Structure formats: C-alpha cells, structure tokens
Amino acid sequence: MPMMNAPIPQTVISARGVDLTFDTNDGSVHALRSVDLDIGKGEFVSFIGPSGCGKTTFLRVVAALETPTAGTVSVNGMTPDEARRARAYGYVFQAAGLYPWRTIGGNIALPLEIMGFDRAERTRRVREVMQLVELSGFEKKYPWQLSGGMQQRASIARALAFDAEILLMDEPFGALDEIVRDRLNEELLRLWAATGKTTLFVTHSIPEAVYLSTKIVVMSPRPGRITDVIDSPLPRERPLEIRDSPEFIEIAHRVREGLRAGHAEH
Ligand SMILES: Nc1ncnc2c1ncn2[C@@H]1O[C@H](COP(=O)(O)OP(=O)(O)OP(=O)(O)O)[C@@H](O)[C@H]1O
C-alpha cells in the first residue's frame, strides 16, 4: 500500500562521523570528533561553542577547504570539492576582507570577473545585490569610506553576487558594536527570507544564534563534538522584540545549558 509521507525538506548538507585531526609541529590537534549533522534546504543553522571548538573547521570542511581525517560530508549529493567547483558556496568572514584599492562595486564584481561574467551581467548583479544589502549609491566609494557595518554588508553582497545556493558565514558581525549588530541581524533575516539561501553561521553570541536560526548546533570544547541540536520553534518572521518572549528565553536557556554541559565533561 502506498504510504502518505509528510513533505521532508530536501537535505542539502549531510555530515557523517566527521573527524579531523591537524598534524602540527607541536603534535596533533584533534579539532572535530564524530560530527553527524543534516541540514535541510533553506535552513539557517548557527554553530555556537567555545573558542577553538572547531566551528570554523567544520565550515571549512563543508567548503572543501579542509579534508576530514575520517567520515564523509555530502553537499547536494556531491563531495564538497565537487560542490565547490559547481560554485555552491558564498563565504563571508569575520573581517570584511575588501580590497582597499578597489571601489565597493569593484570588490563585489571581483569574483564575477574571475568567473568570467561579462561586463553587462556584472553590472546588473552588482546593482541587484547592493540593493539587497541596502548599499545602493555606495558603488563608487572605497572601503575606508564606509563604516564597519557597511563594509560587512558589502562583503555579504559579494558573497551573494554569484548566487551560490549555500552561504557560509564565519562570525561576520563579531567585531561590530551591539546596535549595528542588531540592525544587521534584522537585515540578514530579511535577506535570508528573500533569497531562501541555506545558511551556516558561526557565532559566539547566544542571542544572535537564537534570533537568527531555524537550527542551533551547540558544540563542546575541543575536540569539537555536537552536544545539542535545537530546532527552533520560533516563527520565521521575527521582530527584534521576540528576544523578550518566553519562547526565546527558553531556547537561549537550553543553548546555555548545552554549552555548560560540554564544558563540564572536560
Ligand atoms: N590549519 C590548522 N593547523 C593546525 N591547527 C589548526 C588549524 N586550523 C585550526 N586549528 C586548530 O583547530 C582547533 C579548532 O579551530 P577552529 O578555528 O575551527 O575553532 P573555532 O571554534 O572556529 O574557534 P573560534 O571561535 O575561536 O573562531 C583550534 O585548536 C585551532 O587552533
């Protein structure tokens, strides 16, 4: 008899038994241990955990910038390396990483130039993503003429410009003050809703993780292990005031407990 299945979101990223040990001159560093995780299409997944627990390393494994010592990762049914060649990723780092000698428009266009898009298409895309991150009119400015928050928005625009399906964000707002960060958090949610990109986001901030995510992955100190995966019950539409709601506070509490439990095992 045919079974009636509830729609299951398509899995985009799947990690199984991922282990990674770095060999260094001072001996080996065990960065990730037995990481299993499934990420569905269009999810916003935050990774939170103490410094050095392997959050960046996990993102780098997904992006094919590191190779796990054991275990497998698949991205859209491909290896991370195949996905990278299929331009599946846009990457945003903690430092905006804009070239000071290029205008903002020139910085955003750079990956498009490297990929061989023609001038008309580059101009169209740069205009579109600058509008998305609310930087229209700043195309001809240089990075130093923009505030830190604006530079970070430009770096997000650059990652969005080639329309990769997966956005990898490594503490993009870590260096910004809280007011700017709040604003960018709101903007990022809007962008995410507008683009439907599957997003992996590293943060040290519990409120940021809870505010942004559909899924929160809590990690233990090194070797990084997943201690909790929380599927957020919060609605997708989230005004900043949602942070005062009992549901929000309850999730934040669970994240904090997960972090504490990870520490206690050490
Ligand atoms: N290329 C490398 N060679 C050797 N050790 C490395 C390398 N990259 C990372 N590590 C080590 O692996 C561990 C995990 O690092 P990672 O940057 O992933 O942590 P993190 O959770 O992102 O930390 P933070 O929150 O401070 O950014 C750290 O101890 C780090 O020193």
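1. Helices here are DSSP runs of H or I with at least four residues, strands are runs of E with at least two, and both are numbered from the N terminus. Most residues other than glycine have a negative phi, and most peptide bonds are trans.

2. A word on what you are looking at. This is a predicted model, in which local features need pLDDT of at least 70 and side-chain atom pairs count only at pLDDT 80 or more, while totals for chains, interfaces and linings use all residues. Residues are numbered from 1 along each chain as its sequence is written.

3. Is helix α1 (residues 55–62) largely enclosed or exposed? Helix α1 is largely enclosed by the rest of the structure, because seven of its eight residues are buried. Among them are Lys55, Phe58 and Val62. A residue is buried if 20 or more other C-beta atoms lie within 10 Å of its own, exposed if 12 or fewer, and partly exposed in between, with C-beta atoms placed from the backbone.

4. Val62 turns up again in the largest nonpolar core, which has 70 residues; Val62, Ile108, Ala157, Leu168 and Val255 touch the most other members. Such a core is a set of buried Ala, Val, Leu, Ile, Met, Phe, Trp, Tyr and Cys residues joined through C-beta atoms within 7 Å. Helix α5 (residues 148–161) supplies the largest share of this core, seven residues. At least three core residues come from each of domain 1 and domain 2.

5. Now look at isoleucine 108. Leaving out residues up to four places away in sequence, isoleucine 108 touches Val126, Val129, Met130, Ala154, Ala157, Arg158 and Ala161. Contact requires C-beta atoms, placed from the backbone, to lie within 7 Å.

6. The domain assignment gives domain 1 (11–17 + 38–88 + 164–266) and domain 2 (100–163); such bounds come from an automatic or database assignment. Taken over C-alpha atoms, the centres of domain 1 and domain 2 are 25 Å apart. Their contact takes 13 residues from domain 1 and ten residues from domain 2. On the domain 1 side, helix α6 (residues 178–195) gives the most, with six residues.

7. Strand β1 (residues 11–24) has two partners to find. β1 pairs with strand β2 (residues 27–40) in the antiparallel sense over ten bridges, and a hairpin joins β1 to β2 through two residues. Here threonine 21 stands opposite histidine 30 in β2. β1 also pairs in the antiparallel sense with strand β4 (residues 70–75), over five bridges, where serine 14 stands opposite serine 74. Two strands count as paired if DSSP finds at least two bridges between them.

8. Two loop residues are worth a visit. Glutamate 134, in the loop between α4 and α5, has a positive phi of about 60° although it is not a glycine. Glutamate 134 is partly exposed, because 15 other C-beta atoms lie within 10 Å. Aspartate 163, in the loop between α5 and β6 (166–170), also has a positive phi, of about 55°. Aspartate 163 has 12 C-beta neighbours inside 10 Å, so it counts as exposed.

9. Which peptide bond is cis? The bond from arginine 222 to proline 223 is cis, with omega near -5°. You will find proline 223 in the loop between β8 (215–219) and β9 (226–231).

Conventions:
Two residues are in contact if their C-beta atoms, placed from the backbone, lie within 7 Å.
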